[in-house]
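Subject: Structure for your review

Dear colleague,

Please find below the structure I am handing over to you.

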Amino acid sequence: MTEIKFTLNGKKQILNTDPNRRLLDVIREDFQLTGPKEGCGEGECGACAVLLNGQIVNSCSVPLANVDGQDIVTIEGFSSTKQYHVIKEAFAKAGGVQCGFCTPGMIIATQSLLSENPHPDDYEIKIGLSGNLCRCTGYNLIIKAVKTASKDGDGLW
Amino acid sequence: MKSYIAKNLVNALEVLNKDECEIVAGGTDMLIQNRSHTGMSIGYKTNVLYISLIKELDYIKEDSHYIYIGATTKLESILKNKITPIILKKIIHEMASPAIRHTATLIGNIANASPAGDSIVGLYALNAKVRCQCINGERIVPLHKFIRGVRIIDLKFNEMITEVIIPKNDFSSIAFKKVAPRKSDAISKMSFVGLLKIEDDLLLDLRIALGAVYITVVRNKDIESKYIGKNIKELKENIDNILKDYEPLIKPIDDQRSNKEYRKKVALNLIKDFLLNV
Ligand SMILES: Cc1cc2nc3c(=O)[nH]c(=O)nc-3n(C[C@H](O)[C@H](O)[C@H](O)COP(=O)(O)OP(=O)(O)OC[C@H]3O[C@@H](n4cnc5c(N)ncnc54)[C@H](O)[C@@H]3O)c2cc1C
Ligand code: FES
Ligand code: FES
(Lines give C-alpha, C1' and ligand atoms only; values in the text may rest on other atoms or scores of the structure.)
(Ligands and ions follow the chains in the order given, each with its own letter.)
Protein backbone atom coordinates (compact mmCIF):
# COMPACT_ATOMS: atom_id res chain seq x y z
CA MET A 1 0.00 0.00 0.00
CA THR A 2 1.31 3.39 -0.96
CA GLU A 3 -0.18 6.83 -0.79
CA ILE A 4 -0.78 8.16 -4.28
CA LYS A 5 -2.05 11.72 -4.77
CA PHE A 6 -3.32 13.08 -8.03
CA THR A 7 -5.88 15.40 -9.50
CA LEU A 8 -8.76 13.65 -11.24
CA ASN A 9 -11.17 15.80 -13.23
CA GLY A 10 -10.13 18.87 -11.27
CA LYS A 11 -10.47 17.29 -7.79
CA LYS A 12 -7.51 16.37 -5.60
CA GLN A 13 -7.56 12.69 -4.66
CA ILE A 14 -5.52 10.69 -2.20
CA LEU A 15 -5.56 6.91 -2.46
CA ASN A 16 -3.94 4.34 -0.23
CA THR A 17 -3.55 1.51 -2.66
CA ASP A 18 -1.25 -0.73 -4.66
CA PRO A 19 0.84 1.47 -7.00
CA ASN A 20 1.11 -1.52 -9.35
CA ARG A 21 -2.54 -1.17 -10.41
CA ARG A 22 -3.27 0.12 -13.89
CA LEU A 23 -4.64 3.65 -14.07
CA LEU A 24 -7.58 2.32 -16.12
CA ASP A 25 -8.70 -0.03 -13.32
CA VAL A 26 -8.41 2.70 -10.69
CA ILE A 27 -10.48 5.13 -12.75
CA ARG A 28 -13.20 2.60 -13.49
CA GLU A 29 -13.35 0.75 -10.16
CA ASP A 30 -12.47 3.30 -7.49
CA PHE A 31 -14.18 6.26 -9.15
CA GLN A 32 -16.87 4.54 -11.25
CA LEU A 33 -15.83 6.55 -14.28
CA THR A 34 -16.66 4.21 -17.13
CA GLY A 35 -16.01 6.49 -20.10
CA PRO A 36 -12.50 5.08 -20.58
CA LYS A 37 -12.97 1.47 -21.70
CA GLU A 38 -10.81 -1.57 -22.01
CA GLY A 39 -10.50 -2.63 -25.63
CA CYS A 40 -7.20 -4.39 -26.19
CA GLY A 41 -5.51 -3.81 -22.82
CA GLU A 42 -2.20 -3.49 -24.69
CA GLY A 43 -1.88 0.11 -25.80
CA GLU A 44 -3.07 -0.54 -29.35
CA CYS A 45 -6.67 0.69 -29.54
CA GLY A 46 -7.07 3.95 -27.58
CA ALA A 47 -10.44 3.04 -26.04
CA CYS A 48 -8.96 3.68 -22.58
CA ALA A 49 -7.47 7.09 -23.46
CA VAL A 50 -7.37 9.88 -20.86
CA LEU A 51 -5.50 13.17 -20.64
CA LEU A 52 -2.37 13.15 -18.48
CA ASN A 53 -1.22 16.72 -17.95
CA GLY A 54 -3.31 17.63 -20.99
CA GLN A 55 -1.87 14.99 -23.31
CA ILE A 56 -3.42 11.73 -24.47
CA VAL A 57 -2.17 8.52 -22.85
CA ASN A 58 -3.59 4.98 -22.78
CA SER A 59 -4.67 4.39 -19.20
CA CYS A 60 -4.34 0.60 -19.67
CA SER A 61 -0.61 1.11 -20.18
CA VAL A 62 0.03 3.48 -17.28
CA PRO A 63 0.86 2.14 -13.82
CA LEU A 64 -0.77 4.15 -11.03
CA ALA A 65 2.70 4.85 -9.58
CA ASN A 66 3.46 7.02 -12.61
CA VAL A 67 0.58 9.45 -11.98
CA ASP A 68 1.55 10.44 -8.43
CA GLY A 69 1.29 14.24 -8.33
CA GLN A 70 -0.05 14.46 -11.90
CA ASP A 71 -3.26 15.76 -13.46
CA ILE A 72 -5.72 13.31 -15.02
CA VAL A 73 -8.82 14.22 -17.00
CA THR A 74 -11.24 11.57 -18.25
CA ILE A 75 -13.98 12.09 -20.81
CA GLU A 76 -16.39 12.70 -17.89
CA GLY A 77 -14.31 15.63 -16.64
CA PHE A 78 -13.62 16.92 -20.11
CA SER A 79 -17.34 16.95 -20.94
CA SER A 80 -17.86 20.10 -18.85
CA THR A 81 -15.61 22.18 -21.12
CA LYS A 82 -16.42 24.36 -24.12
CA GLN A 83 -13.91 22.42 -26.19
CA TYR A 84 -15.81 19.19 -25.50
CA HIS A 85 -19.06 20.66 -26.77
CA VAL A 86 -17.47 21.84 -30.00
CA ILE A 87 -15.87 18.42 -30.57
CA LYS A 88 -19.06 16.55 -29.68
CA GLU A 89 -21.18 18.67 -32.05
CA ALA A 90 -18.60 18.18 -34.80
CA PHE A 91 -18.66 14.38 -34.37
CA ALA A 92 -22.46 14.39 -34.49
CA LYS A 93 -22.55 16.69 -37.54
CA ALA A 94 -19.96 14.70 -39.48
CA GLY A 95 -21.42 11.30 -38.57
CA GLY A 96 -18.26 10.28 -36.76
CA VAL A 97 -20.09 8.12 -34.21
CA GLN A 98 -21.71 4.75 -34.87
CA CYS A 99 -21.58 2.18 -32.05
CA GLY A 100 -19.75 4.71 -29.85
CA PHE A 101 -17.23 2.36 -28.25
CA CYS A 102 -14.24 4.28 -29.62
CA THR A 103 -15.81 7.72 -29.24
CA PRO A 104 -14.56 8.76 -25.76
CA GLY A 105 -11.02 7.85 -26.87
CA MET A 106 -11.45 9.65 -30.20
CA ILE A 107 -12.65 12.80 -28.42
CA ILE A 108 -9.69 12.68 -26.02
CA ALA A 109 -7.33 12.21 -29.00
CA THR A 110 -8.95 15.16 -30.78
CA GLN A 111 -8.56 17.39 -27.72
CA SER A 112 -4.91 16.35 -27.26
CA LEU A 113 -4.20 17.09 -30.93
CA LEU A 114 -6.05 20.43 -31.14
CA SER A 115 -4.52 21.71 -27.89
CA GLU A 116 -1.11 21.33 -29.53
CA ASN A 117 -2.03 22.08 -33.11
CA PRO A 118 -5.34 23.98 -33.46
CA HIS A 119 -5.39 23.73 -37.27
CA PRO A 120 -4.12 20.29 -38.28
CA ASP A 121 -4.16 19.13 -41.91
CA ASP A 122 -5.43 15.67 -42.92
CA TYR A 123 -2.04 14.05 -42.41
CA GLU A 124 -1.59 15.56 -38.97
CA ILE A 125 -5.08 14.41 -38.00
CA LYS A 126 -4.28 10.87 -39.13
CA ILE A 127 -1.12 10.89 -37.01
CA GLY A 128 -3.01 12.39 -34.05
CA LEU A 129 -5.63 9.63 -34.21
CA SER A 130 -3.22 6.85 -35.18
CA GLY A 131 -3.50 5.15 -31.79
CA ASN A 132 -7.30 5.01 -31.85
CA LEU A 133 -9.07 2.17 -33.59
CA CYS A 134 -12.63 2.35 -34.86
CA ARG A 135 -14.36 -0.77 -36.13
CA CYS A 136 -17.37 1.08 -37.55
CA THR A 137 -16.80 4.37 -39.34
CA GLY A 138 -13.81 3.80 -41.62
CA TYR A 139 -12.12 6.92 -40.19
CA ASN A 140 -12.99 9.39 -42.98
CA LEU A 141 -15.97 10.71 -41.09
CA ILE A 142 -13.87 11.05 -37.96
CA ILE A 143 -11.20 13.01 -39.82
CA LYS A 144 -13.97 15.24 -41.14
CA ALA A 145 -15.27 15.68 -37.58
CA VAL A 146 -11.86 16.82 -36.34
CA LYS A 147 -11.62 19.34 -39.20
CA THR A 148 -15.08 20.64 -38.38
CA ALA A 149 -14.18 20.98 -34.69
CA SER A 150 -10.99 22.82 -35.56
CA LYS A 151 -13.00 25.29 -37.69
CA ASP A 152 -16.05 25.69 -35.44
CA GLY A 153 -13.92 26.04 -32.33
CA ASP A 154 -11.44 28.47 -33.87
CA GLY A 155 -9.81 30.46 -31.05
CA LEU A 156 -10.70 27.95 -28.31
CA TRP A 157 -7.40 26.11 -28.56
CA MET B 1 7.29 -8.19 -3.82
CA LYS B 2 8.05 -4.55 -3.21
CA SER B 3 7.56 -1.49 -5.34
CA TYR B 4 9.41 1.78 -4.97
CA ILE B 5 8.60 5.14 -6.51
CA ALA B 6 11.70 7.30 -6.90
CA LYS B 7 11.31 11.06 -7.11
CA ASN B 8 15.00 11.88 -7.57
CA LEU B 9 18.11 10.15 -8.87
CA VAL B 10 19.89 9.67 -5.52
CA ASN B 11 16.76 8.04 -4.16
CA ALA B 12 16.61 5.66 -7.16
CA LEU B 13 20.29 4.70 -6.89
CA GLU B 14 19.93 4.06 -3.15
CA VAL B 15 17.01 1.72 -3.75
CA LEU B 16 18.90 -0.16 -6.47
CA ASN B 17 21.87 -0.51 -4.16
CA LYS B 18 19.93 -2.20 -1.39
CA ASP B 19 17.29 -4.18 -3.24
CA GLU B 20 17.31 -5.97 -6.58
CA CYS B 21 14.62 -4.37 -8.76
CA GLU B 22 13.42 -4.21 -12.31
CA ILE B 23 13.13 -0.63 -13.50
CA VAL B 24 9.87 0.74 -14.87
CA ALA B 25 10.05 3.97 -16.88
CA GLY B 26 6.97 4.58 -19.06
CA GLY B 27 5.96 0.97 -18.53
CA THR B 28 4.72 0.45 -22.09
CA ASP B 29 6.86 -2.67 -22.50
CA MET B 30 6.85 -3.72 -18.84
CA LEU B 31 3.05 -3.73 -18.55
CA ILE B 32 2.63 -5.97 -21.57
CA GLN B 33 5.41 -8.29 -20.46
CA ASN B 34 3.77 -8.59 -17.01
CA ARG B 35 0.16 -8.42 -18.04
CA SER B 36 -2.39 -9.98 -15.70
CA HIS B 37 -6.19 -10.00 -15.65
CA THR B 38 -8.38 -6.92 -15.94
CA GLY B 39 -8.84 -5.36 -12.52
CA MET B 40 -5.75 -7.08 -11.08
CA SER B 41 -2.43 -5.45 -10.31
CA ILE B 42 0.35 -5.72 -12.87
CA GLY B 43 1.90 -9.17 -12.50
CA TYR B 44 5.55 -8.25 -11.91
CA LYS B 45 7.70 -11.20 -10.95
CA THR B 46 10.31 -9.10 -9.13
CA ASN B 47 10.56 -5.93 -7.06
CA VAL B 48 10.10 -2.84 -9.18
CA LEU B 49 11.48 0.67 -9.11
CA TYR B 50 9.40 3.34 -10.83
CA ILE B 51 11.59 6.10 -12.22
CA SER B 52 9.21 8.03 -14.47
CA LEU B 53 8.68 10.84 -11.94
CA ILE B 54 12.38 11.72 -11.66
CA LYS B 55 12.22 15.23 -13.11
CA GLU B 56 15.98 15.81 -13.17
CA LEU B 57 16.33 13.08 -15.83
CA ASP B 58 13.71 14.65 -18.12
CA TYR B 59 15.85 16.68 -20.53
CA ILE B 60 17.40 17.04 -23.95
CA LYS B 61 20.51 19.18 -23.93
CA GLU B 62 23.61 19.74 -26.00
CA ASP B 63 27.15 21.04 -25.93
CA SER B 64 29.40 21.58 -28.93
CA HIS B 65 30.02 17.87 -29.54
CA TYR B 66 27.14 15.88 -28.06
CA ILE B 67 23.40 15.69 -27.50
CA TYR B 68 22.25 14.26 -24.15
CA ILE B 69 18.82 12.71 -23.58
CA GLY B 70 17.76 11.80 -20.04
CA ALA B 71 16.16 8.55 -18.92
CA THR B 72 12.70 9.93 -18.22
CA THR B 73 12.39 12.04 -21.38
CA LYS B 74 9.38 10.84 -23.32
CA LEU B 75 9.53 9.89 -27.01
CA GLU B 76 7.08 12.66 -27.94
CA SER B 77 9.26 15.38 -26.35
CA ILE B 78 12.28 14.02 -28.21
CA LEU B 79 10.29 14.07 -31.44
CA LYS B 80 9.29 17.70 -30.90
CA ASN B 81 12.70 19.04 -29.79
CA LYS B 82 14.73 20.93 -32.36
CA ILE B 83 18.04 19.60 -31.02
CA THR B 84 17.10 15.98 -31.82
CA PRO B 85 19.03 14.52 -34.82
CA ILE B 86 16.74 14.38 -37.86
CA ILE B 87 17.23 10.65 -38.36
CA LEU B 88 16.08 9.99 -34.79
CA LYS B 89 13.00 12.16 -35.37
CA LYS B 90 12.15 10.20 -38.50
CA ILE B 91 12.33 6.98 -36.50
CA ILE B 92 10.33 8.16 -33.49
CA HIS B 93 7.69 9.58 -35.83
CA GLU B 94 6.99 6.02 -36.95
CA MET B 95 7.07 4.51 -33.47
CA ALA B 96 3.73 3.67 -31.86
CA SER B 97 1.11 6.43 -31.50
CA PRO B 98 1.01 9.80 -29.71
CA ALA B 99 -0.61 8.17 -26.65
CA ILE B 100 2.26 5.70 -26.29
CA ARG B 101 4.89 8.30 -27.16
CA HIS B 102 3.63 10.56 -24.35
CA THR B 103 4.62 7.91 -21.79
CA ALA B 104 7.30 5.71 -23.39
CA THR B 105 10.96 6.64 -23.12
CA LEU B 106 13.88 6.28 -25.51
CA ILE B 107 15.95 4.60 -22.83
CA GLY B 108 13.15 2.09 -22.21
CA ASN B 109 13.37 1.18 -25.90
CA ILE B 110 17.15 0.73 -25.56
CA ALA B 111 17.04 -1.27 -22.32
CA ASN B 112 14.30 -3.49 -23.67
CA ALA B 113 16.95 -4.58 -26.21
CA SER B 114 14.58 -6.07 -28.72
CA PRO B 115 16.20 -6.76 -32.10
CA ALA B 116 13.12 -5.01 -33.48
CA GLY B 117 13.48 -1.91 -31.27
CA ASP B 118 13.26 0.92 -33.77
CA SER B 119 15.29 3.61 -32.04
CA ILE B 120 18.20 1.24 -31.42
CA VAL B 121 18.86 0.94 -35.16
CA GLY B 122 19.25 4.71 -35.46
CA LEU B 123 21.29 5.01 -32.28
CA TYR B 124 23.75 2.34 -33.51
CA ALA B 125 24.21 4.35 -36.71
CA LEU B 126 24.70 7.55 -34.70
CA ASN B 127 27.46 5.96 -32.54
CA ALA B 128 25.40 6.58 -29.41
CA LYS B 129 26.61 5.72 -25.92
CA VAL B 130 24.76 5.19 -22.67
CA ARG B 131 25.67 6.53 -19.24
CA CYS B 132 25.09 3.96 -16.49
CA GLN B 133 25.11 5.15 -12.91
CA CYS B 134 25.17 3.44 -9.55
CA ILE B 135 25.55 4.84 -6.05
CA ASN B 136 29.34 4.52 -6.29
CA GLY B 137 29.96 6.05 -9.69
CA GLU B 138 29.27 5.83 -13.37
CA ARG B 139 30.53 4.49 -16.69
CA ILE B 140 29.86 5.34 -20.30
CA VAL B 141 29.41 2.42 -22.69
CA PRO B 142 29.03 2.45 -26.50
CA LEU B 143 25.55 1.16 -27.32
CA HIS B 144 26.78 -1.72 -29.50
CA LYS B 145 28.77 -3.04 -26.53
CA PHE B 146 25.94 -2.41 -24.08
CA ILE B 147 23.43 -4.55 -25.98
CA ARG B 148 24.62 -8.15 -25.76
CA GLY B 149 21.76 -10.10 -27.27
CA VAL B 150 17.99 -10.43 -27.43
CA ARG B 151 16.84 -8.64 -24.26
CA ILE B 152 20.33 -8.91 -22.78
CA ILE B 153 22.14 -5.73 -21.70
CA ASP B 154 25.33 -5.02 -19.84
CA LEU B 155 23.70 -3.50 -16.76
CA LYS B 156 24.66 -4.40 -13.20
CA PHE B 157 21.94 -5.03 -10.64
CA ASN B 158 22.62 -1.74 -8.82
CA GLU B 159 22.88 0.39 -11.96
CA MET B 160 20.46 2.30 -14.14
CA ILE B 161 20.90 4.08 -17.43
CA THR B 162 20.66 7.79 -16.77
CA GLU B 163 21.18 9.18 -20.25
CA VAL B 164 22.00 8.46 -23.86
CA ILE B 165 24.79 10.46 -25.45
CA ILE B 166 24.75 11.11 -29.18
CA PRO B 167 27.76 12.60 -31.01
CA LYS B 168 26.78 15.52 -33.26
CA ASN B 169 27.33 15.04 -36.96
CA ASP B 170 26.17 16.37 -40.31
CA PHE B 171 25.18 13.94 -43.03
CA SER B 172 24.44 14.65 -46.69
CA SER B 173 22.04 11.76 -47.03
CA ILE B 174 19.92 9.99 -44.44
CA ALA B 175 17.32 7.24 -44.74
CA PHE B 176 15.06 5.28 -42.42
CA LYS B 177 12.81 2.50 -43.63
CA LYS B 178 10.61 0.36 -41.46
CA VAL B 179 8.94 -2.63 -42.93
CA ALA B 180 5.93 -3.45 -40.79
CA PRO B 181 2.33 -4.57 -41.28
CA ARG B 182 1.11 -1.15 -40.15
CA LYS B 183 3.51 1.75 -40.13
CA SER B 184 3.33 2.78 -36.50
CA ASP B 185 1.91 0.77 -33.63
CA ALA B 186 3.56 -2.36 -34.92
CA ILE B 187 6.79 -4.06 -34.22
CA SER B 188 9.10 -3.96 -37.23
CA LYS B 189 9.66 -6.96 -39.41
CA MET B 190 12.79 -5.20 -40.54
CA SER B 191 14.26 -1.76 -40.30
CA PHE B 192 17.06 0.09 -42.01
CA VAL B 193 19.05 3.22 -41.29
CA GLY B 194 21.54 4.65 -43.78
CA LEU B 195 23.67 7.73 -43.15
CA LEU B 196 26.38 9.10 -45.36
CA LYS B 197 28.44 12.17 -45.91
CA ILE B 198 29.82 13.30 -49.25
CA GLU B 199 32.09 16.25 -49.86
CA ASP B 200 33.63 17.18 -53.21
CA ASP B 201 32.39 13.93 -54.73
CA LEU B 202 34.13 11.87 -52.03
CA LEU B 203 32.45 9.56 -49.56
CA LEU B 204 33.66 10.74 -46.14
CA ASP B 205 31.34 8.73 -43.94
CA LEU B 206 29.07 5.73 -44.48
CA ARG B 207 26.92 4.04 -41.84
CA ILE B 208 24.45 1.26 -42.37
CA ALA B 209 22.40 -0.31 -39.58
CA LEU B 210 19.83 -3.08 -39.93
CA GLY B 211 17.23 -4.02 -37.33
CA ALA B 212 15.47 -7.33 -36.81
CA VAL B 213 17.78 -9.29 -39.11
CA TYR B 214 19.96 -10.79 -36.37
CA ILE B 215 19.92 -11.11 -32.56
CA THR B 216 21.15 -7.52 -32.25
CA VAL B 217 21.26 -4.61 -34.67
CA VAL B 218 23.71 -5.27 -37.51
CA ARG B 219 26.32 -2.62 -38.13
CA ASN B 220 29.75 -3.42 -39.51
CA LYS B 221 32.45 -0.76 -39.47
CA ASP B 222 34.91 -2.89 -41.49
CA ILE B 223 32.55 -3.00 -44.45
CA GLU B 224 31.80 0.71 -44.12
CA SER B 225 35.47 1.71 -44.08
CA LYS B 226 36.23 -0.40 -47.18
CA TYR B 227 34.17 2.06 -49.19
CA ILE B 228 34.84 5.33 -47.36
CA GLY B 229 37.18 7.46 -49.48
CA LYS B 230 35.71 6.31 -52.81
CA ASN B 231 34.06 8.78 -55.16
CA ILE B 232 30.38 8.51 -55.99
CA LYS B 233 30.96 6.73 -59.29
CA GLU B 234 33.15 4.10 -57.63
CA LEU B 235 30.63 3.72 -54.82
CA LYS B 236 27.87 2.98 -57.30
CA GLU B 237 30.05 0.54 -59.24
CA ASN B 238 30.65 -1.28 -55.96
CA ILE B 239 27.02 -1.70 -54.96
CA ASP B 240 26.99 -5.42 -55.78
CA ASN B 241 30.14 -5.96 -53.72
CA ILE B 242 28.63 -4.07 -50.81
CA LEU B 243 25.54 -6.26 -50.94
CA LYS B 244 27.76 -9.36 -51.02
CA ASP B 245 29.57 -8.05 -47.93
CA TYR B 246 26.32 -7.64 -46.01
CA GLU B 247 24.62 -10.83 -47.11
CA PRO B 248 26.31 -13.19 -44.61
CA LEU B 249 25.54 -10.81 -41.72
CA ILE B 250 21.80 -11.07 -42.23
CA LYS B 251 20.66 -14.06 -40.21
CA PRO B 252 17.20 -13.33 -38.83
CA ILE B 253 16.18 -15.21 -35.71
CA ASP B 254 13.18 -17.42 -36.25
CA ASP B 255 9.82 -16.00 -35.52
CA GLN B 256 6.45 -15.90 -37.14
CA ARG B 257 6.56 -12.32 -38.30
CA SER B 258 8.01 -13.10 -41.69
CA ASN B 259 10.27 -15.65 -43.26
CA LYS B 260 14.02 -15.34 -43.31
CA GLU B 261 14.55 -15.23 -47.06
CA TYR B 262 12.02 -12.45 -47.39
CA ARG B 263 13.73 -10.40 -44.72
CA LYS B 264 17.15 -10.93 -46.23
CA LYS B 265 15.95 -9.80 -49.63
CA VAL B 266 14.24 -6.73 -48.22
CA ALA B 267 17.33 -5.79 -46.21
CA LEU B 268 19.61 -6.00 -49.24
CA ASN B 269 17.15 -4.07 -51.39
CA LEU B 270 17.01 -1.27 -48.83
CA ILE B 271 20.80 -0.96 -48.80
CA LYS B 272 20.85 -0.95 -52.60
CA ASP B 273 18.13 1.65 -52.81
CA PHE B 274 19.91 3.94 -50.38
CA LEU B 275 23.19 3.78 -52.31
CA LEU B 276 21.56 4.14 -55.73
CA ASN B 277 19.87 7.33 -54.56
CA VAL B 278 23.10 9.03 -53.53
C1 LIG C 1 1.02 -0.10 -28.74
C2 LIG C 1 2.51 -0.13 -28.71
C3 LIG C 1 3.22 0.19 -29.85
C4 LIG C 1 4.62 0.15 -29.84
N5 LIG C 1 5.27 0.49 -30.98
C6 LIG C 1 6.62 0.41 -31.01
C7 LIG C 1 7.33 0.73 -32.21
O8 LIG C 1 6.75 1.12 -33.23
N9 LIG C 1 8.67 0.57 -32.20
C10 LIG C 1 9.36 0.16 -31.09
O11 LIG C 1 10.58 0.06 -31.15
N12 LIG C 1 8.72 -0.11 -29.94
C13 LIG C 1 7.37 0.00 -29.88
N14 LIG C 1 6.70 -0.32 -28.71
C15 LIG C 1 7.46 -0.77 -27.52
C16 LIG C 1 7.70 0.31 -26.43
O17 LIG C 1 6.72 1.31 -26.44
C18 LIG C 1 9.06 0.97 -26.52
O19 LIG C 1 10.04 -0.03 -26.41
C20 LIG C 1 9.28 2.06 -25.47
O21 LIG C 1 10.28 2.93 -25.91
C22 LIG C 1 9.62 1.54 -24.08
O23 LIG C 1 9.79 2.62 -23.19
P24 LIG C 1 9.15 2.63 -21.72
O25 LIG C 1 9.66 3.85 -21.04
O26 LIG C 1 7.70 2.44 -21.78
O27 LIG C 1 9.86 1.32 -21.13
P28 LIG C 1 9.47 0.36 -19.89
O29 LIG C 1 8.38 -0.55 -20.30
O30 LIG C 1 9.30 1.16 -18.67
O31 LIG C 1 10.83 -0.43 -19.79
C32 LIG C 1 11.31 -1.24 -20.87
C33 LIG C 1 12.58 -1.97 -20.40
O34 LIG C 1 13.63 -1.04 -20.15
C35 LIG C 1 14.10 -1.12 -18.82
N36 LIG C 1 14.43 0.25 -18.42
C37 LIG C 1 13.66 1.36 -18.60
N38 LIG C 1 14.34 2.47 -18.20
C39 LIG C 1 15.55 2.05 -17.76
C40 LIG C 1 16.69 2.73 -17.24
N41 LIG C 1 16.72 4.06 -17.08
N42 LIG C 1 17.79 2.01 -16.90
C43 LIG C 1 17.78 0.65 -17.08
N44 LIG C 1 16.73 -0.04 -17.56
C45 LIG C 1 15.62 0.64 -17.90
C46 LIG C 1 12.99 -1.79 -18.05
O47 LIG C 1 13.48 -2.46 -16.91
C48 LIG C 1 12.42 -2.73 -19.10
O49 LIG C 1 13.19 -3.89 -19.18
C50 LIG C 1 5.30 -0.26 -28.67
C51 LIG C 1 4.59 -0.57 -27.52
C52 LIG C 1 3.21 -0.52 -27.52
C53 LIG C 1 2.47 -0.85 -26.27
S1 FES D 1 -7.45 -0.74 -23.95
FE2 FES D 1 -5.86 0.67 -23.70
S3 FES D 1 -5.19 0.98 -25.70
FE4 FES D 1 -6.63 -0.61 -25.94
S1 FES E 1 -17.98 3.98 -33.75
FE2 FES E 1 -17.90 1.86 -33.32
S3 FES E 1 -15.81 1.57 -32.93
FE4 FES E 1 -15.87 3.57 -33.63
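Which atom of ligand 1 is 2.7 Å from an N or O atom in the side chain of Asp118(B)? In this predicted model, the atom in question is a nitrogen of the ligand. Two further polar atoms face oxygen atoms of ligand 1. Thr105(B) places a polar side-chain atom 2.7 Å from a ligand oxygen, and Ala96(B) has a backbone N or O atom 3.2 Å from an oxygen of the ligand. On its own, ligand 1 has 990 Å² of accessible area, and the protein covers 95% of this.

The surroundings of the ligand

There are 35 residues around ligand 1, and those that come nearest are Ile23(B), Thr28(B), Asp29(B), Thr105(B) and Asp118(B). The site is shared between chains, because residues of both chain A and chain B surround the ligand. Within chain B, at least two residues of the shell come from each of strand 2, helix 2 (30-33), helix 6 (106-112) and strand 10 (160-167). Helix 6 of chain B gives the most, with five residues.

Strand 2 and strand 3 (residues 48-50) of chain B run parallel and are joined by three bridges. Ile23(B), one of the residues that come nearest to ligand 1, has Leu49(B) in strand 3 as its bridge partner.

Buried residues elsewhere in chain B

Helix 4 (residues 86-93) of chain B contains the buried residues Ile87(B), Leu88(B), Ile91(B) and Ile92(B). Viewed down the axis of helix 4, these buried residues fall within an arc of 130°, so they line one face of the helix.

Is Asn158(B), with a relative accessibility of 11%, buried or exposed? Asn158(B) counts as buried, because 11% is under the 20% cut-off for that class. Asn158(B) lies in the loop between strand 9 (152-153) and strand 10 of chain B. The side chain of Asn158(B) makes a polar contact, at 3.4 Å, with the side chain of Asn17(B).

Yours sincerely,
A colleague

How values were computed: Residues are numbered from 1 along each chain as its sequence is written. Chains are lettered from A and ligands numbered from 1 in the order in which they are written. This is a predicted model: local features need pLDDT of at least 70, side-chain atom pairs count only at pLDDT 80 or more; totals for chains, interfaces and linings use all residues. Side-chain values use heavy atoms; hydrogens and water are left out. Two strands pair if DSSP finds at least two bridges between them. Helices (H or I, at least four residues) and strands (E, at least two) are DSSP runs, numbered from the N terminus. Buried means under 20% relative accessible area, exposed over 50%, partly exposed in between (1.4 Å probe, protein chains only). The arc is that of the directions from the helix axis to the C-beta atoms. A residue is near a molecule or strand if one of its heavy atoms lies within 4 Å of it. A polar contact is a pair of N or O atoms within 3.5 Å; within protein, one must be able to donate a hydrogen and the other to accept it, and residues adjacent in sequence count only if both atoms are side-chain atoms. Accessible areas come from the Shrake-Rupley method with a 1.4 Å probe; for residues, only the protein chains shown count as cover.
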